[in-house]
Structures are given as C-alpha cells and as structure tokens.
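Hello,

Here is the structure we talked about. Please open it and keep it beside you while you read my notes below.

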Amino acid sequence: MVKGVKFKGLRDVGDPVELGAAYSDAGADELVFLDIKATLGDRPTLVELVRRVAERLAIPFTVGGGVRSADDAERLLQAGADKVGVNSAALARPELITELAERLGSQAVVVAIDAEGGRVRSHAGTLSAGRDATEWAREAEQRGAGEILLTSIDADGTREGYDLQLTAAVAGAVSLPVIASGGAGNARHVAEALGIAQAALLASILHENPQRLASLREEVRELGVPVR
Amino acid sequence: MNVAICGYGAGNVRSVEIAFRRLGAELTDDVGAADLAVLPGVGSARAAMAGLRERGHDVALRERFDDGRPIFGICLGLQLGLDWTEEDGGVDGLGLVPGRSSRLLEGRVPRMGWAEVDDRGAFYFAHSYAAETPHATAWSEGVVAEARFGSFFGCQFHPEKSGALGALYLEEALSLSRV
C-alpha cells in the first residue's frame with residue numbers, strides 16, 4: 001500500500017490486508033481501497049486482494065481502480081466489496097456509470113473525482129480530463145452515481161486541510177452524498193469538511209498509526225460535530 | 001446452527017456470509033431446512049425478485065413463513081419481504097409482511113452512512129427506498145429501521161457492515177432460530 005503527496009512521491013505505508021483489518025478494528029466508519037496502479041499500469045484490479053481484505057472487515061468497503069465494465073464491478077462485489085469506485089473509465093465512457101447503477105444499484109456506485117484547481121484529472125492525476133469538477137459531478141449524478149468521492153490533488157497529502165472551496169462547490173452542485181478527500185492533518189480539518197460534505201476521508205495521518213482514529217473521533221466530537 | 005443465505009445472483013453476499021461464519025454459524029444452500037434463512041440486501045428489486053424466483057427461493061421462503069420458521073431480511077431483503085416496492089417502476093415483493101416500500105424523498109439520496117437507530121446506537125445504512133409498514137419495530141431519522149411480523153424479521157441497515165454493534169445484532173437474529 002502506498003501514499004503520496006499531491007499524487008506524487010508514493011511511499012510504501014504497509015500491507016493492505018493488515019492495515020484494512022487494523023482500521024476496521026479501530027472503529028473506522030468505512031474503508032476505501034484504491035488500486036491507483038490499476039489504471040496506470042493497465043492491469044486488472046486485484047480481486048484476490050479484495051477477497052483477503054473483505055475477510056477481515058466488519059465495515060463498508062469501497063474498491064476502485066481499473067473498473068471498466070459492469071462485469072469488472074460484479075467481480076469486485078462478489079469478492080466482498082460493497083461499492084466500486086470508477087474514475088478514468090467513467091470519464092472516457094460516461095455511460096459506464098449507468099451500466100453499473102443498473103446492474104449493482106446506485107448505492108454501490110461511487111464516482112471518484114480527482115481535481116486540481118477545480119478541473120478534473122484522470123489516470124491517477126496524470127492527464128487532464130478537460131472538464132470542470134462540479135459539472136462532471138452533476139453529470140455523474142444524472143447518470144446514476146450513488147456517491148461522489150472528491151479528492152483535491154492540490155491538498156492531497158499536505159495535511160494542511162481539505163479543499164473546502166472545491167468541496168462546497170461540488171456538494172452544492174449535487175444532491176448525492178459527497179466524501180471529501182485530500183489534506184486532512186488534524187481534527188479541526190475533519191470537522192470543517194464534515195460541515196460541508198457527508199463524509200471525510202483520512203489517509204496519510206492514519207497510515208502511520210491506525211489507533212489514532214479513536215482519539216481523532218473524540219476530538220472531532222469535542223469540536224461539536226456529531227460523529228459515531 | 002446453520003444458516004441459508006438466499007443469494008439471487010447479484011452483488012456482495014460475501015460480507016453476510018463472513019459475518020455469520022464469524023459468529024460460528026454453518027452455511028447451507030438448503031433454504032427449506034436451514035435454522036435461519038437470510039434474505040440479503042444487494043442490487044435492485046426487480047433483478048432480486050427474478051433471481052429469487054429462478055432459484056425457487058420465493059416458494060421456500062413462503063413455506064418457511066407459513067410454518068413459523070425464522071427469516072431474516074437485510075436492507076433490500078427487508079423490502080422484498082413486503083407486498084410491493086416502488087423501485088424499478090413497481091415490483092411485487094414476497095408479500096410476507098404487510099406494507100410497501102417507497103423512494104426516500106428527504107435529504108441526500110441514496111441515504112448512505114452511519115445513523116442512530118432509536119437508542120440502540122449507530123448502524124450503517126445504504127438505501128434509496130424505505131419500508132412503510134404497520135409492523136415497524138425501530139426507526140432511524142424518521143425511516144423504518146426494523147420490522148417484525150410473524151417469523152419474519154428484517155432491518156434496513158446493514159448489520160454485517162456495522163462493526164461490533166452489528167455483530168451483536170446478528171447474534172440476536174441467530175438466537176431467534178434457537179427458539
């Protein structure tokens with residue numbers, strides 16, 4: 001498993017099965033597993049890895065990376081994923097979102113949007129998609145998406161706070177749940193994001209120490225944001 | 001204790017299988033003979049009902065219900081136990097529990113995430129439709145979270161995805177089949 005800063009400088013942060021189990025046990029609300037090399041390397045998503053992670057989880061599990069068809073998605077769900085994330089393949093062929101929603105139900109379809117300066121980028125941030133993030137989110141909703149996972153490349157890995165402007169623009173443009181991603185450094189950042197989005201994704205600050213989740217949750221609660 | 005999970009050819013039933021195995025249950029394919037039959041909650045209503053009929057699960061579940069033997073429905077599985085759902089242009093359910101399900105009209109839809117169920121704590125929900133039935137036994141933010149009628153017992157949330165509290169809830173479902 002790897003994590004970078006602004007999608008670059010990826011470093012190894014541990015075994016995905018062990019980390020996934022540790023998060024589930026530490027009280028995470030949900031686990032999102034993105035196989036970022038599946039698109040870059042043009043190889044199929046690792047269904048076997050999903051099977052092994054799912055075996056250890058008791059929380060919702062979203063898997064993304066390399067999903068190009070409803071059959072790809074179905075294999076992931078049968079392996080134990082609850083939702084699939086689509087990104088580059090949906091940008092290339094937006095009808096994919098509808099095909100997934102019809103086969104799996106909208107609640108299982110997460111459209112992941114990576115944005116830089118409010119513009120969408122594909123292939124793990126390496127290519128411009130030539131679209132505006134809010135406009136793409138709205139189209140994704142119309143095509144049957146169930147959730148938007150919105151990652152700010154500008155904020156990713158910086159630990160300086162979520163991109164609130166981007167998050168507010170996208171959350172305001174759709175009536176779907178939006179997961180804010182990229183930039184979490186402390187509880188205040190999470191509380192700010194939860195004031196706008198329906199969920200906040202954490203990566204860098206937890207990968208080193210999954211046990212920090214419990215204290216972080218307590219700090220967010222003390223800031224007046226209701227969390228489980 | 002053996003549990004039959006009534007798959008209908010779509011989505012993730014593995015989480016439910018894993019959760020019941022963790023509790024020590026054995027899984028069987030025999031919906032008629034199992035101590036507990038579970039109707040999992042994945043996919044869309046029309047495809048699910050077609051899948052149940054194709055496998056003869058609709059008949060087996062009706063027989064179980066008439067014999068007073070426990071059936072546990074999760075999410076869509078709860079909704080399929082009702083007479084009818086608005087989903088997919090209108091689909092007849094198994095008609096075990098009086099009621100119907102309709103599309104959620106308030107808040108962000110699908111309704112995704114953890115929410116309190118009465119005073120029992122938070123469970124994980126992921127749904128666009130919800131049950132309307134006089135046999136509701138628990139609520140979450142104005143939405144029916146659980147219903148019980150005869151030997152049918154169903155919840156709108158996903159206990160198999162609701163951590164430790166969810167595991168306790170599944171144990172309760174299992175204990176129904178011990179009576």
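In this predicted model, helix α1 of chain A passes helix α3 of chain A in a right-handed crossing. Two packed helices are described by the angle between their axes and by the distance between those axes. Here the angle is about 35° and the axes lie 9 Å apart. To find the pair, look at residues 16-25 for α1(A) and residues 47-54 for α3(A).

Which residues meet? From α1(A) come P16(A), V17(A) and G20(A). From α3(A) come L49(A), R52(A) and V53(A). By class, this contact has 4 nonpolar, 1 polar and 1 charged residues.

Next, the two chains together. How many residues of chain B are in contact with chain A? There are 23, and they touch 26 residues of chain A. On the chain B side, four elements each supply at least two residues: α1 (14-22), β8 (111-116), β9 (122-127) and α5 (163-176). That side of chain B divides into 10 nonpolar, 10 polar and 3 charged residues.

Now chain B by itself. Its secondary structure comes to 5 helices and 13 strands. The radius of gyration of chain B is 15 Å, close to the 16 Å that the globule rule gives for 179 residues, so chain B is as compact as a globular protein of that length. Its C-alpha trace spans about 40 × 35 × 30 Å along the principal axes. Buried residues make up 55% of the 179 residues in chain B. Take the contacts in chain B with a separation of 6 or more: 65% of them join residues 24 or more positions apart.

Best wishes

Conventions:
Residues are numbered from 1 along each chain as its sequence is written. Chains are lettered from A and ligands numbered from 1 in the order in which they are written. This is a predicted model: local features need pLDDT of at least 70, side-chain atom pairs count only at pLDDT 80 or more; totals for chains, interfaces and linings use all residues. Axes are lines fitted to C-alpha atoms, for helices over the stretch in contact, and angles run from 0 to 180 degrees between N-to-C directions. A crossing is left-handed if the near helix is turned anticlockwise from the far one by less than a right angle, and right-handed if clockwise. Two residues are in contact if their C-beta atoms, placed from the backbone, lie within 7 Å. Ala, Val, Leu, Ile, Met, Phe, Trp, Tyr, Cys and Pro count as nonpolar, Asp, Glu, Lys and Arg as charged, and the others, Gly among them, as polar. The radius of gyration is taken over C-alpha atoms; the globule rule is 2.2 Å times the number of residues to the power 0.38. A residue is buried if 20 or more other C-beta atoms lie within 10 Å of its own, exposed if 12 or fewer, and partly exposed in between; C-beta atoms are placed from the backbone.
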